[in-house]
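Dear colleague,

Please find below the structure that I am handing over to you. My notes on what was found in it follow directly after.

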Amino acid sequence: MVITSGGATGTPVAPPAPSAERGAPLGAPPRRAAPLGPRREAAWRRRDRRWGYVFVGPQLIGMAVFVLLPFVASLVLAFASWDGLTELEWVGFANFTAQLQDELLLRSIVNTLLIALITVPVGLGLAVVVAVALEKLRTRTLYLILFFAPVVTSTVAVAMIWQQLFRADGVLSGAIANVVGIDPPDWLGDPRLALIAVCIVSIWSSLGLNVIIFLAGLQNISPSVIEAARIDGAGAWRLFRSIRLPLLSPIVFFSSIVAFISSLQTFDTVFVLTANAGPDNATRTIVYHIYDLGFGRFEFGPSSAASVILLLLTLVITAIQFGAQKKFVHYEDADA
Amino acid sequence: MTAADIETTLVGRPDLERPRRGPAAGRSRRAVGRVAIHVALVVAGLAMVFPFLWMLLTSFKTLPQLLQDPLSFWPDPWTIDKYVDAWNAVPFGQAYLNSIYICVLAVVGTLVTAAMAGYAFARIRFRGSRVLFILFLATQMIPKQVTLIPFYLLMAKFGWVDSHLSLIVPAMLVNPFAVFLMRQFVLSLPKELEEAALVDGAGRWRTFWSIILPNLKPGLGALSIIVALDVWNSFLFPLVLLNSPDLFTVPLLLASFRGQFGSVDYGLVMAASALATIPMLVAFVIGQRRILNSMAASGLGGR
């Protein structure tokens, strides 16, 4: 949304001369009453240009050294065989062909996509409902604190807490067994349930963030629009379906991209909650796969190939979501 | 919409006048609806706190109670031994110091470098600025995990593996989102503000330092919260880069704690989790208004 809203450079500062009189608001009267001549102005601009690079410098160097360089190296390593000790050896697409036939990678991709496909719609859907409910209240601070608490808690702690809740003899299984009358489920021991457990934890821990974002979005809808619809006889459901939801859709859409991409990067939860992506790699994700190949087995080439696959997946998902944008997203000013 | 617009709208301010639906007609229905909403929210809120509550209850139970009756609700008897044991078993105090100072340096560094870059992109005309800004936005698309291996190798070259430098320096110098956010904030400042200083011959640096930066305070506050949360909770990179327990951050220490004691006594693990989470939760409750507003702003602003 905002990314598309402006040019890259913004509006440049006018040269000092023409605005000499406007210096007044700061309180200090301009020392040079006479405007700069055109040559001095050009010289000022030249020097000013250098300041541009100085100011961008630290972040630019950081990006070059810590992002672009490793990024290029990652692309290079993906086509090589290297363990960090022996000679680097070019292997062409061998890493990719090997990876794409590797049952572990395929399982990682499927698991990762499943987590994203479950977590994002359920999580965002719940967040919309909660945000709409909260918007109707006068005092909501306590609720906001409750919903947001997991967001400020480290994912490691969150995973450890839920690990106890999910124990086979734990409180969740016990409650389910008592209420439904089945054998207590072993969440983290059963491969299918383990993946669901990961989804539950990530929905629980990210719900608050989406709630406050949507709530802020709802509050930005101008009251006059709501009022107009009310006068036209719209009920609560109609207001939600035809006014609030469409006007919220750019934010929901944007959040869904962010949430999907961050789901693709799931690592902490599967590393801690389901101790090393168990049982039987049932919760192995792509990032866990990258980590395991790189730092478990020191196979830097295949690990980099898996990284490139993650990158491509990220880009494809982003492209698909931007494609879908036209269909589902409603921008307020589009038909204003 | 800029982050500044919603800075104060989310919480802590009495609601803007809610449009009324007209006299008496729907009043009782509305009251019923409100009660229903409260009931639903209370249930949902309980679901949100229950894990924390269970963590605390478990951490005060004795091992025999945990083994004999894992579903019992109240600790009987209450014990704080688990906290003493957890605190003594691993260097918790050290981990807190590590996390705090890494966080502070990363935040301060990010604020300065990102505000500088944001200012340049918003207000200084220089060749290539457009391309560079797009490059910044584009690098945001690269998941950090994609560069995990080469980044580790680079840190090894620098001799920064098993050193906090590998966490602090990149955090200070790489944050495209922060640059983007700061640019938005600078754009929302009136231009006259700095023009006066420039006319007075203050120069770019002094203008930035004594005019722009002080005026960016709300933005810097929001950014510092976002960066601090991010750095404090990061796990994968510290996991890969640090080996010595003395250097561990809080999440890393917690994870290693589980590895050592997880199978022995999970009451102990819950006590350790509480030691790692409660201070953060208390800090959050104290600063909730600013934190919530900042996070909402970041979510709307292009997180």
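I begin with a span of chain A that carries a record. Over residues 109-321 of chain A, the chain is 77% helix and 0% strand, and the end C-alpha atoms are 18 Å apart. Helices (H or I, at least four residues) and strands (E, at least two) are DSSP runs, numbered from the N terminus. UniProt, in an unreviewed entry, places the feature "domain: ABC transmembrane type-1" at these residues, 109-321 of chain A. UniProt positions are given in the numbering used here, feature names are shortened, and annotations may be inferred rather than shown by experiment.

Please note that this is a predicted model, in which local features need pLDDT of at least 70 and side-chain atom pairs count only at pLDDT 80 or more, while totals for chains, interfaces and linings use all residues. Residues are numbered from 1 along each chain as its sequence is written, and chains are lettered from A and ligands numbered from 1 in the order in which they are written.

Chain A

The unreviewed UniProt entry also gives the annotation "transmembrane region" for residues 53-80, 113-134, 141-162, 193-216, 247-267 and 305-324 of chain A. Of these, residues 141-162 of chain A are 91% helix and 0% strand, with 25 Å between the end C-alpha atoms. Residues 305-324 of chain A are 100% helix and 0% strand, and their end C-alpha atoms lie 29 Å apart.

Helix H5 (residues 155-165) of chain A has 11 of its 11 residues buried, so it is largely enclosed by the rest of the structure. A residue is buried if 20 or more other C-beta atoms lie within 10 Å of its own, exposed if 12 or fewer, and partly exposed in between, with C-beta atoms placed from the backbone. Among the buried residues of H5(A) are Met160(A), Trp162(A), Gln163(A) and Gln164(A).

Chain B

Chain B has 15 helices and 0 strands, and buried residues make up 45% of its 303 residues. Of the contacts in chain B with a separation of 6 or more, 79% are between residues 24 or more positions apart. Two residues are in contact if their C-beta atoms, placed from the backbone, lie within 7 Å.

Two helix pairs deserve a description. H3(B) and helix H14 (residues 266-286) of chain B pack at an angle of about 75 degrees, with their axes 8 Å apart. H3(B) is therefore roughly perpendicular to H14(B). Axes are lines fitted to C-alpha atoms, for helices over the stretch in contact, and angles run from 0 to 180 degrees between N-to-C directions. Angles under 35 degrees count as roughly parallel, over 145 as roughly antiparallel, 65 to 115 as roughly perpendicular and the rest as oblique. In this contact, residues of H3(B) including Tyr83(B) and Trp87(B) meet residues of H14(B) including Leu268(B) and Leu275(B). By class, the contact of H3(B) with H14(B) has 7 nonpolar, 1 polar and 2 charged residues. Ala, Val, Leu, Ile, Met, Phe, Trp, Tyr, Cys and Pro count as nonpolar, Asp, Glu, Lys and Arg as charged, and the others, Gly among them, as polar.

The axes of helix H4 (residues 92-123) and helix H8 (residues 176-187) of chain B come within 7 Å and cross at roughly 55 degrees. This makes H4(B) oblique to H8(B). Contributors to the contact include Ala114(B), Gly118(B) and Phe121(B) of H4(B), and Met182(B) and Phe185(B) of H8(B). Its residues divide into 12 nonpolar, 2 polar and 2 charged.

Backbone points to check

Most residues other than glycine have a negative phi, and most peptide bonds are trans. The peptide bond from Asp76(B) to Pro77(B) is cis, with omega near -5 degrees; Pro77(B) lies in the loop between helix H2 (63-68) and helix H3 (81-89) of chain B. Phe298(A), although not a glycine, has a positive phi of about 55 degrees. Phe298(A) sits in the loop between helix H11 (286-296) and helix H12 (300-328) of chain A, and is partly exposed, with 13 other C-beta atoms within 10 Å. Asp162(B) is likewise not a glycine and has a positive phi of about 60 degrees. Asp162(B) is in the loop between helix H6 (148-158) and helix H7 (165-173) of chain B.

The contact between the chains

The contact takes 102 residues from chain B and 99 residues from chain A. On the side of chain B that touches chain A, helix H1 (residues 27-59) of chain B gives the most, with 13 residues. By class, that side has 70 nonpolar, 17 polar and 15 charged residues.

With kind regards
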